[in-house]
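The sequence and the model come first.

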Amino acid sequence: MDLLMKEISFDSCACDERIFVRVVEPADKLHTRGVLQIAHGMAEHSLLYLDFANYMARAGFAVAVNDHLGHGKSVSKGGAFGYFGEGGAQNLVRDMHKLYSLMHAEYPNVPYFLMGHSMGSFLARSYAAQFGDELAAAVFMGTCGPQNRMVFAAERKLADRMVDKFGAKSHHPLFSRMSIERFNKAFAPNRTPSDWVTRDEAEVDRYVADPLCGFDFTISGYRDVVYLQSEVTSDDWLRRLPKTLPVLLISGDQDPLGDFGKGIRRLLSRLRETGHDAEMILYPGARHALITETNRDEVYRDLLSYLEKNC
């Protein structure tokens, strides 16, 4: 199938920034079976999803991936990487809904899907609770399970205090030690600071060498992610998530963000207890970034199958 690749942009809801978007779609729109919008993860960008987008477009799906505020080409000259503005992570969710409006206007009569990876899965979970009635299904990839509320309360308090002391756009190594560095220690002895991302060493090296990947968030950016994660692991999120929305949890059983599969199983159990239409795929041995994993061909096929089933 012939494909059309294009780059578009739109005004962000915050920070006087423009949001950059990559779109890959069938050249003949009459053959489009659905739309897939992707929310990328923390400290990465849309280009990492181009191979997967091509695969899905060849199967008949129009795929749109934006660079979130504070990421990739959505950071203007003089802008700050890892900074979301005064509205926090909800600025990113609102930008995602702007992209939905643009894509849905082009494809009003086909199913619309949302997939989020890692931090993008938190954004997708928040989005689905607010706008899930607009979606045919949602995929939460490389996400986390239920969390300890007391730990979150302490982390929120710490992050707020750090922002007040050092400033919203400042940096501090504490938050990286609490997250990325802690995740990577699970795979010691480490070859790189990003061994936890995938078993594919070539993909790890590409990630490490990419100047638009792996950057340190601002203190307020880390704070905003803590607040976002707290939101989407709450009982209130479960109440707001439409029970009619099919949900797929997809993760590696060696992903530390998902507590090596245990957190994903707990999340599946909670979703089913509350009457949600939820499924799970756990890949043995796979780490965090499934679309760059050594079994990515299998992951691609499973994701395509899930979308086709819900068309």
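Is Arg296 buried, partly exposed or exposed? With a relative accessible area of 24%, Arg296 is partly exposed; that class lies between buried (under 20% relative accessible area) and exposed (over 50%), with a 1.4 Å probe and protein chains only.

## Basis

This is a predicted model, in which local features need pLDDT of at least 70 and side-chain atom pairs count only at pLDDT 80 or more, while totals for chains, interfaces and linings use all residues. Residues are numbered from 1 along each chain as its sequence is written, and side-chain values use heavy atoms, with hydrogens and water left out.

## Salt bridges

The structure contains 19 salt bridges, each defined as a side-chain nitrogen of Lys or Arg within 4 Å of a carboxyl oxygen of Asp or Glu. In one of them, Asp200 meets Arg296 at 3.1 Å, N to O. This bridge links distant parts of the chain, with Asp200 in the loop between α6 and α7 and Arg296 in helix α11 (residues 296-309), 96 residues apart. Helices (H or I, at least four residues) and strands (E, at least two) are DSSP runs numbered from the N terminus. Asp200 has a relative accessible area of 14% and is therefore buried.

A salt bridge also joins the side chains of Arg191 and Asp205, at 2.9 Å from N to O. Arg191 is in the loop between α6 and α7 and Asp205 is in helix α7, 14 residues apart. Arg191 is partly exposed at 41%, and Asp205 is partly exposed at 36%. Arg223 and Asp224 form a further bridge (3.1 Å, N to O); Arg223 is buried at 18% and Asp224 is buried at 7%.

## Aromatic pairs

A pair of aromatic rings is described by the distance of the centres and the angle of the planes. Rings of Phe, Tyr and Trp (its six-membered ring) pair if their centres lie within 6.5 Å; planes under 30 degrees apart count as stacked, over 60 as edge-to-face and the rest as tilted. There are 12 aromatic pairs in the structure. Tyr100 and Tyr112 make an edge-to-face pair, 4.6 Å centre to centre with 70 degrees between the planes. Tyr100 belongs to helix α2 (residues 90-106) and Tyr112 to strand β5 (residues 112-117), 12 residues apart. Both Tyr100 and Tyr112 are buried.

The pair of Phe183 and Trp196 is tilted, because the ring centres are 5.0 Å apart and the planes stand at 45 degrees. Phe183 lies in helix α6 (residues 180-185) and Trp196 in the loop between α6 and α7 (201-209), so the pair ties together parts 13 residues apart in sequence. Phe183 and Trp196 are buried. Elsewhere, ring pairs link Phe81, Phe84, Phe175, Phe215, Phe217 and Tyr222 into a cluster.

## Charges over rings

The charged end of Arg125 sits over the ring of Trp237, 4.7 Å from the ring centre. Arg156 has its charged end over the ring of Tyr227, 5.8 Å from the centre. The criterion is NZ of Lys or CZ of Arg within 6 Å of the ring centre and within 35 degrees of the ring normal.

## Surroundings of Phe61

Phe61 is in strand β4 (residues 61-66) and counts as buried at 0% relative accessibility. Its C-alpha is 5.5 Å from that of Thr32, although Phe61 and Thr32 are 29 residues apart in sequence. Leaving aside neighbours within four places in sequence, the residues in contact with Phe61 include Val24, Phe113, Leu304 and Cys311, where contact means heavy atoms within 4.5 Å.
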